[in-house]
Amino acid sequence: ENVSHILKLLGFNGEFENDRLLKIKDLYGWWANKDFRRYIVAEPIYVDANNFGSTSFSPGAIMWAEQQVYLLKYPGEWAAVMDSGLLPTHEAEEEFSRPAYVVEARHGALTGITLSSMVRGLAERGAVWGPLKRQRQREIHPPEKILECAKREWDEWKKTLNDLGYENTPEYPYNMENLGVYCAAEVAEAVKRFGPLPP
């Protein structure tokens, strides 16, 4: 109530002490100096407009944890990743107060894509992460709740426009019926690409 502004801040300043602790010269993917035992992840900063999934922390956190556990269990898989030189690297940028371990969203996305394409076990886990992300989205944000919130915001804007003298502002165009049609089309496309989805 009585809120006039809301700021969504994307990014933070990291601690150079973390770089010093891990003796990071450069971060290769998530690994300090290409050592698969020295792993550090901070949520990537900014937004990669090619992948808006990068705005959510939880799906990435599951993937990051499983990537490191897998490579610790199967260190032989690391050699090809290290020798390829394909993972993005990042050195500290002192002029921007950014330690080496603080990377941009694109660095994170490229690391995930590259690892999944090079390490078969991680690619197989990717078949779990995608459906899990969908299942969690539907559990936490059911369509009825999304529609209710979207309509409420629409109606607030409609009232604002009407108060400013605009006429014939449209009603909210979506309901459970037409949303169901769109969701069914999305599910059909997903099933065609990935096979059966979880409920």
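This note goes through the fold, the surface and the aromatic residues of a predicted model.

1. Overall fold. The protein contains seven helices and three strands, and along the sequence these elements are arranged in the pattern α-β-β-α-α-β-α-α-α-α. Of the contacts with a separation of 6 or more, 65% are between residues 24 or more positions apart.

2. Aromatic pairs. A pair of aromatic rings is described by the distance of the centres and the angle of the planes. The count for this protein is eight aromatic pairs. In one of them, Trp 31 and Tyr 39, the ring centres lie 5.2 Å apart and the planes meet at 50°, so the pair is tilted, an angle that falls between the 30 degrees below which planes count as stacked and the 60 above which they count as edge-to-face.

3. The cluster around Trp 31. Tyr 28, Trp 31, Tyr 39 and Trp 78 are linked into a cluster by ring pairs. Within this group, Trp 31 is buried, its relative accessibility being 0%, and the ring of Tyr 28 has the charged end of Lys 34 sitting over it, 4.7 Å from the ring centre.

4. A second pair to inspect. Among the aromatic pairs, Tyr 172 and Tyr 174 have ring centres 5.6 Å apart and planes at 70°, so this pair is edge-to-face. Tyr 172 is buried, with a relative accessible area of 16%, whereas Tyr 174 is partly exposed, with a relative accessible area of 41%.

Key
Residues are numbered from 1 along each chain as its sequence is written. This is a predicted model: local features need pLDDT of at least 70, side-chain atom pairs count only at pLDDT 80 or more; totals for chains, interfaces and linings use all residues. Side-chain values use heavy atoms; hydrogens and water are left out. Helices (H or I, at least four residues) and strands (E, at least two) are DSSP runs, numbered from the N terminus. Contact means heavy atoms within 4.5 Å. Rings of Phe, Tyr and Trp (its six-membered ring) pair if their centres lie within 6.5 Å; planes under 30 degrees apart count as stacked, over 60 as edge-to-face and the rest as tilted. Buried means under 20% relative accessible area, exposed over 50%, partly exposed in between (1.4 Å probe, protein chains only). A charge sits over a ring if NZ of Lys or CZ of Arg is within 6 Å of the ring centre and within 35 degrees of the ring normal.
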